[in-house]
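Open the model in your viewer and keep the sequence panel beside it. The stops below say what to select and what to look for.

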Amino acid sequence: MLHAPSRETRGGDESPSSSVFDLPVQSSSGPTTRPALQRLRTTTDTDRNNFLQSESPSQLVVISGGSGGNSICNAFDNACFVLPVSDDGGSSSEIIRVLGGPSIGDIRSRLVRLIPPAPPSSILSAIREILSYRLPANVSEREARDQWRDIVEGHSPLWAGIPSDRKETIRGFLVHFEGEVLKRAHKNFSFLNGSIGNYFLSGAQMFFRSLPSAIFLFSSITNSQANILPVIVTNHTVTIAAELENGSRLVRQCEISHPVNPSPEGNPHEQCDSSLLSPLDGMASPVSHRSNVMYTQDDKERGYEPLKSRICRLYYINAYGHEVHPIPNPEYIKSLSTAEALVYSCGSFWTSIVPCLALRGVASAIARSRFLRAKIFLLNGRNDRETDGYTAVDFVRAVASVLNSPYQQPFHGLGNAQTIYPISAFITHLLYLEDTSIAVDEEKLTALGVQCVGIKGVMVETAQEMRYGDDVVREAICQILA
């Protein structure tokens with residue numbers, strides 16, 4: 001079993017905030033072709049040009065969540081992906097209930113999505129298969145545990161084709177994960193519908209006491225150059241709440257986005273091992289969470305029950321339900337100050353995009369960046385439970401409202417006066433599908449300083465609707481930056 005390094009052996013140095021280093025995947029000799037977005041740098045600003053040549057910053061910062069952002073993540077070349085850590089659905093819900101810690105489901109999903117393409121019989125394909133594998137959901141708990149036992153002991157056919165060095169690396173962190181589960185055997189961890197990738201990433205996060213380090217390990221094993229940043233670097237469970245216009249409040253992402261009937265909860269008074277929790281980020285104590293909330297994309301396709309009132313505010317809370325203002329990942333803020341474009345990707349608006357905005361310092365980083373030449377909002381093809389009845393104007397106004405909220409500290413202005421930025425400081429372009437069901441009033445948006453760009457979608461036969469395609473989105477962004 002792996003043993004986590006003690007604080008003394010680290011010499012007091014904290015783990016770096018950066019999530020993934022650039023890993024060479026091809027020979028650097030000979031002529032290279034720069035990505036299209038990189039070739040679109042302007043040369044009129046000498047300072048900017050010198051900075052870009054010397055520092056080689058990320059060209060795009062993409063704020064996104066789970067499935068909505070995954071579908072078009074390959075459209076963004078040379079991108080830094082910023083993801084929330086507050087999702088409490090799927091197998092993440094069971095990990096959070098028993099072990100605590102930040103949600104890693106969306107991050108794992110994006111990491112798997114960005115594994116480089118490889119032939120079916122290759123090592124990389126075998127690694128992708130095991131890290132994207134889910135234990136069955138429609139079997140007994142004993143059957144699921146037996147299958148997990150085969151995997152963690154190294155006997156499962158899923159290990160076929162994986163060299164022993166990488167197999168034992170992956171298996172070592174799965175063993176570490178199981179060891180932490182066994183320490184809390186009284187909580188009756190359920191392996192139904194469990195994601196092996198989630199277990200691996202969670203085991204690495206607990207071992208290193210660092211989610212960015214776990215992301216780096218995952219990317220290293222999969223030969224990925226993905227640059228993925230958790231919006232908050234923490235070892236605590238992160239919980240969001242939404243305040244509705246009628247005064248009511250919804251707590252946790254599942255209740256806001258897609259309430260389901262989960263299996264019975266564990267003991268609400270049980271708490272996670274405090275040795276796994278860092279006191280440095282102010283997220284307080286672990287909270288009680290539901291057990292194994294099973295929710296799939298197919299459930300989302302079947303429709304939704306609208307909220308009784310619109311969401312007017314989203315914020316973070318601690319274990320006692322009090323609002324807190326966690327510090328955003330410093331690498332996130334740094335990326336906003338060096339990238340050429342910011343993209344608010346498609347997906348669940350209030351639970352995927354807004355958690356990456358409702359943090360102090362993000363508004364000024366976006367509005368005051370000297371290098372952001374475009375701030376692009378990708379409008380969803382249709383509304384969901386969180387945004388029922390929204391128009392395109394409602395979306396851009398909601399973004400400005402979130403970023404101009406008073407929790408954005410420190411304030412810039414005289415005394416305690418807060419700087420209120422115009423919508424155009426946060427969004428310069430709105431990209432939308434020509435067949436979208438969401439009303440787009442180009443005249444109003446233009447008056448707000450937002451340029452509208454309509455593009456043709458790609459028909460998805462299974463859903464019978466038009467959606468964004470990688471090539472079309474990439475071309476549109478290139479034209480905006482040209």
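Buried means under 20% relative accessible area, exposed over 50%, and partly exposed in between, with a 1.4 Å probe and protein chains only. This is a predicted model, so local features need pLDDT of at least 70 and side-chain atom pairs count only at pLDDT 80 or more, while totals for chains, interfaces and linings use all residues. Residues are numbered from 1 along each chain as its sequence is written, and side-chain values use heavy atoms, with hydrogens and water left out.

**Whole chain**

Show everything as a cartoon. The protein has 18 helices and 13 strands. Both are DSSP runs numbered from the N terminus: helices are H or I with at least four residues, strands are E with at least two. Of the 482 residues, 53% count as buried.

Switch to a surface. The accessible surface comes to about 21,100 Å², and 49% of that belongs to carbon and sulfur atoms. These areas come from the Shrake-Rupley method with a 1.4 Å probe; for residues, only the protein chains shown count as cover.

Now consider contacts, meaning heavy atoms within 4.5 Å. Among contacts with a separation of 6 or more, 76% are between residues 24 or more positions apart.

**Cysteines**

Select C254 and C346. C254 is buried because its relative accessibility is 4%. C346 is buried too, at 8%. How many disulfides are there? A disulfide is a pair of cysteine sulfur atoms within 2.5 Å. By this rule the count is zero.

**The open sheet**

Select β5, β4, β6 and β7. These four strands form an open sheet in the order β5-β4-β6-β7, with antiparallel pairing. β5 (249–251) and β7 (323–324) are the edge strands; each has a single partner, so one side of each has no neighbour in the sheet. Strands pair if DSSP finds at least two bridges between them.

Zoom in on β6, residues 311–317. Two bridges join β6 to β7, and the two run antiparallel. Y316 stands opposite V324 in β7.

Stay on the sheet and show R313 and E243. They form a salt bridge, with the closest N and O atoms 3.3 Å apart. R313 sits in strand β6 and E243 in strand β4 (residues 239–244), so the pair links distant parts of the chain, 70 residues apart. A salt bridge here is a side-chain nitrogen of Lys or Arg within 4 Å of a carboxyl oxygen of Asp or Glu. R313 is partly exposed at 25% relative accessibility. E243 is partly exposed as well, at 27%.

**More salt bridges**

How many salt bridges does a search of the whole structure find? It finds 15.

Select E434 and K456. Their side chains meet in a salt bridge at 3.4 Å, N to O. E434 lies in the loop between β10 (429–433) and α17 (442–447), and K456 in the loop between β11 (451–455) and β12 (458–460), so the pair ties together parts 22 residues apart in sequence. Buried or exposed: which is K456? K456 is exposed, with a relative accessible area of 58%. E434 is partly exposed, at 44%.

Go next to R149 and E153. This salt bridge has an N to O distance of 3.9 Å. R149 is partly exposed at 34%, and E153 is partly exposed at 37%.

Then select D77, D471 and R474. A network of salt bridges links these residues.

**Parallel strands**

Select β1, β8 and β9. Strand β1 (residues 60–63) and β8 pair in the parallel sense over four bridges. V61 stands opposite L342 in β8. β8 and strand β9 (residues 374–378) also pair in the parallel sense, over four bridges. A374 in β9 is the bridge partner of A341.

Show the side chains of β8, residues 341–344. A341 and V343 point one way, L342 and Y344 the other, and all are buried.

**Two helix stops**

Select R97 in helix α4, residues 91–99. R97 counts as buried, at 10% relative accessibility. What does the side chain of R97 reach at 3.3 Å? The backbone oxygen of N188.

Finish at S364 in helix α15, residues 362–367. S364 is buried, with a relative accessible area of 17%.

Terms used: Polar contact = N/O pair within 3.5 Å; in protein donor to acceptor, adjacent residues only side chain to side chain.
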